[in-house]
2 protein chains.
Amino acid sequence: MRSTIARFFEPESIAVIASLKETWFGGYTLIKNLLVFGFPGKIYPVNPSYSKVLDMQVYPSIKEVPEAVDLAIIITPRHTVPGVIKQCAENGVKAVIITSDGFAERDQEGSELQQEIVNIAKRSSIRILGPNTVGTANFATGLVTTHFATGYEKVRKGSVAFCAQSGIAGAQAFPLEDIQYWISKICDFGNKCDVDETDILEYLADDPDTKVIAMHIEDVKDGQRFVKIATEVVRKKPVLMIKPGRTKEAKKALRAHTGALAGEDQIYEAAFKQTGIIRVENFEELLNFSKLFALQPLPRGNNIAIITTSGGGGILAIDTAIENGLAIAELSDQSTGRLKELSPTLGTNPIDIFTTSLVFEDMLRLYQEVMEIALSDHNVDCAAIVLYEAPFTVLQQHSQIVEAFNSLKKFNKPVTIWLYGTRLSLMRELSLRLENSGFPVYSDFITPIKALATAAKYSACSPFPP
Amino acid sequence: MRSTIARFFEPESIAVIASLKETWFGGYTLIKNLLVFGFPGKIYPVNPSYSKVLDMQVYPSIKEVPEAVDLAIIITPRHTVPGVIKQCAENGVKAVIITSDGFAERDQEGSELQQEIVNIAKRSSIRILGPNTVGTANFATGLVTTHFATGYEKVRKGSVAFCAQSGIAGAQAFPLEDIQYWISKICDFGNKCDVDETDILEYLADDPDTKVIAMHIEDVKDGQRFVKIATEVVRKKPVLMIKPGRTKEAKKALRAHTGALAGEDQIYEAAFKQTGIIRVENFEELLNFSKLFALQPLPRGNNIAIITTSGGGGILAIDTAIENGLAIAELSDQSTGRLKELSPTLGTNPIDIFTTSLVFEDMLRLYQEVMEIALSDHNVDCAAIVLYEAPFTVLQQHSQIVEAFNSLKKFNKPVTIWLYGTRLSLMRELSLRLENSGFPVYSDFITPIKALATAAKYSACSPFPP
């Protein structure tokens, strides 16, 4: 074990102190999640009213559990939690997830209970994640500590650590299986009475399974430590963050949600700038930008090539590119010449291939040639491709499309795809195939441009340029 | 016929002057589109090399067509177009769509050809839509003048007129059938050598089938006339517009796309403010905001109630609401009391029902009661509801969910839904059912808030408040 924090993601034994009633949430579901996800460690269900659950022995209290478990998960009514923590201390537990809610986010009584828990934990050197959390997941080890059904066994393993100060980070809120998103680890901070965003950042920085950290925070508990640690983490891997509370109304609501004291937004803005954390607006950006970092190389500069079948779409993309710090790549004379050879209507960037595609005998070859010309151009650092899926085009040959894109990998420049078309099912199918091959696909032409701009900014500030 | 412009949407007879080869685009596909969409008027295919197509008589030239058709559609090589227009004049045609491209958007020769066409048309009092356009559609009459397969017969009829200075407005680019979007009319302006955005605005203002105008423009041909007409149109119905060209790079590209002279963005911004046109960033906003106007009543004020199962999501929504001009409604004492009766954790807005939902025996009844309390509150002008679709919740009963929402119609206040969950297919199904009942559904929690903010702004400026 590298640190106590690691116990929240890499425990070898777990105690689940909870109701074990067979329902859609709670201890029963949590244990089932662990079994289905393939957690290889020891599981100790704890409940005085049961002797067996899911063919496992149930212990009347954590004190009776025969070993000091790596991690205890508590899902009991709030007023019982201090007592349970004391028992955990007696067992020798050093890491506890408190799933129960009704603490600082609820009322005065809850705040006092939370403080009591913190005091007990400190005395016993116990680290606490939560309360008011849906826990953690580790896709490398089959760990899941969520008390809702997650279906994580069907979610794709990947390199994005997805964390939130909210139960929203996980398969209980996002259709992670259906969208086949790339998850390495999941964490809900909950009320952050002890373990906080900085602890998790520090842990994830050295997690070999995590390439990019996608995080939603409602506040920061220790600003100085956050800036210090985050600065180091960003040197190792990109960190993207949502931080609401730009308005006083939202700050007020934050207090009710997780007991967060949000502070002035300018302070956060400054901290993000100083540390190199990439601030994003919402969960769509968080996941959409992160997948670019997870799948594609970093750009060496900010010059973008845009290859499009939609002239109008291409122009919207230019505004977005420029306003987000990209430059429209000026193609070399050689590239311009090669494009003009393909068709006299080609030659400038954005490369609008629509007219050419109507007369070119093989649309896929046209795409491939244009993409190769653009990406081999030394003035081009990255490319945004518009792909058109329509039943009446030759682009029905999805495997050939994927092949054409695969051939671009040799250029080692990031490529994004805006896929539009007429059939959601076909678009979905092609999108999954392209993403399986490592090309991030987007359903609009603003997000992929912003994602590339974000990658270019990160790349420019990185001490280890690609 | 109310105006010559009406001929582009309500013709009783059409001549199609084009190649009739059976391929995936061109005159053949266009005529097939008309037949399948159920166009009831007369169709005259024109081509010297054919005698029959799709069981219809083909005329060797437009001059041989036995009546002065309401609308001629030209899809012939660019250098032949001036001659064809002259023949159209001899037939007595007053409205022509030029689908052909290669004019002002291509090169000097194209610019000259386009000018020649304009001169001929002026002499003969012919109005031209295009060139370089995919034409028009009218869902009330089964008209479609697009030379790509459209599948419009399966698209839902609705009250949004969707226009663009691009081929992107239509089923050849958007999965309109799959998303079941609400279309009244479609128009691609193309190069706007004659008929322009202002002509179409003026026409749509009095179109009884159109409740909201969703438009993408690359430039405005006559600024003064645009401002005058648009001001009048906005008094009658909301107009939403995309106008790219905020950056000099995009302005340059506009010239190559449709020969547009974009002008300074501040001038457009000022014109939009003056006229009351709602400027949006991209096609997602254009369609997503328009569907709110199409489906829901206008709010009487800017006070929003937020009902959410995601506390974190609710807070992101607050920032968006405030920054876009909404206010978080302060609930009346009566509403607060009724909420607290349901559960002591309720009472403030945003109304976060997550904790309550875990202990409430009937989640749907909880939703319904909370929604009714919020919408009956005189301090609340509109509501954003977060709906959670997960296989393990009682929310599987889609028809009951729809019923619960239908019961909100009596309050005559706009309601939007953010649907999140774990299964794309279930979310899709529920989304379609809710939208069929008139409730716009969104896949994130930023867009529906911005949509309500936009509706509140329009409502506040409207001379006929709701």
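The tour below starts at the interface, moves on to a cavity, and ends with some backbone details.

**Stop 1: the two chains together**

Keep in mind throughout that this is a predicted model. Colour chain A and chain B separately, then select the residues in contact: 61 residues of chain B touch 61 residues of chain A.

Hide chain A for a moment and look at the side of chain B that touches it. Elements giving two or more residues to that side include helix H7 (248–258), strand S19 (415–421) and helix H15 (424–436) of chain B. Which element gives the largest share of this side? Select H10(B): nine residues come from there. Colour the touching side of chain B by residue class and you get 30 nonpolar, 16 polar and 15 charged residues.

**Stop 2: a salt bridge between chains**

Bring chain A back and show the side chains of Glu323(B) and Arg246(A). These two meet in a salt bridge, with an N to O distance of 2.6 Å.

**Stop 3**

The volume of the largest cavity is about 80 Å³. To see its lining, select Ile168, Phe174, Asn282, Phe283 and Glu284 in chain A, then Gly313, Leu316, Trp418, Asp444, Phe445 and Ile446 in chain B. Helix H9 (283–295) of chain A and helix H10 (311–323) of chain B are the elements that each give two or more residues to this lining. How do the lining residues divide by class? Seven are nonpolar, two polar and two charged.

**Stop 4: a salt bridge within a helix**

Over all chains, the structure has 58 salt bridges. For one within chain A, zoom in on Lys228(A) and Glu232(A), whose closest N and O atoms are 3.8 Å apart. Both residues sit in helix H6 (residues 223–236) of chain A, four residues apart, or about one turn of the helix.

**Stop 5: backbone details in chain A**

Most peptide bonds are trans, and most residues other than glycine have a negative phi.

- Select Gly130(A) and Pro131(A): the peptide bond between them is cis, with omega near -5 degrees. Pro131(A) lies in the loop between strand S7 (127–129) and strand S8 (136–138).
- Go on to Asn349(A) and Pro350(A), joined by a cis peptide bond with omega about 0 degrees. Pro350(A) is in the loop between helix H11 (333–342) and strand S17 (351–352).
- Leu54(A) is in the loop between strand S3 (52–53) and strand S4 (56–57).

How values were computed
Residues numbered from 1 in each chain as written. Chains lettered and ligands numbered in written order. Predicted model: local features only at pLDDT ≥ 70, side-chain atom pairs only at ≥ 80, totals over all residues. Heavy atoms only, no water. 1 Å grid on protein atoms, 1.4 Å probe; cavity = no way out; pocket = protein on both sides within 12 Å on 5 of 7 lines; lining within 4 Å. Points joined across faces, edges and corners; volume = space filled by probe spheres on them. Nonpolar A, V, L, I, M, F, W, Y, C, P; charged D, E, K, R; others polar. Contact = heavy atoms within 4.5 Å. Salt bridge = Lys/Arg side-chain N within 4 Å of Asp/Glu carboxyl O.
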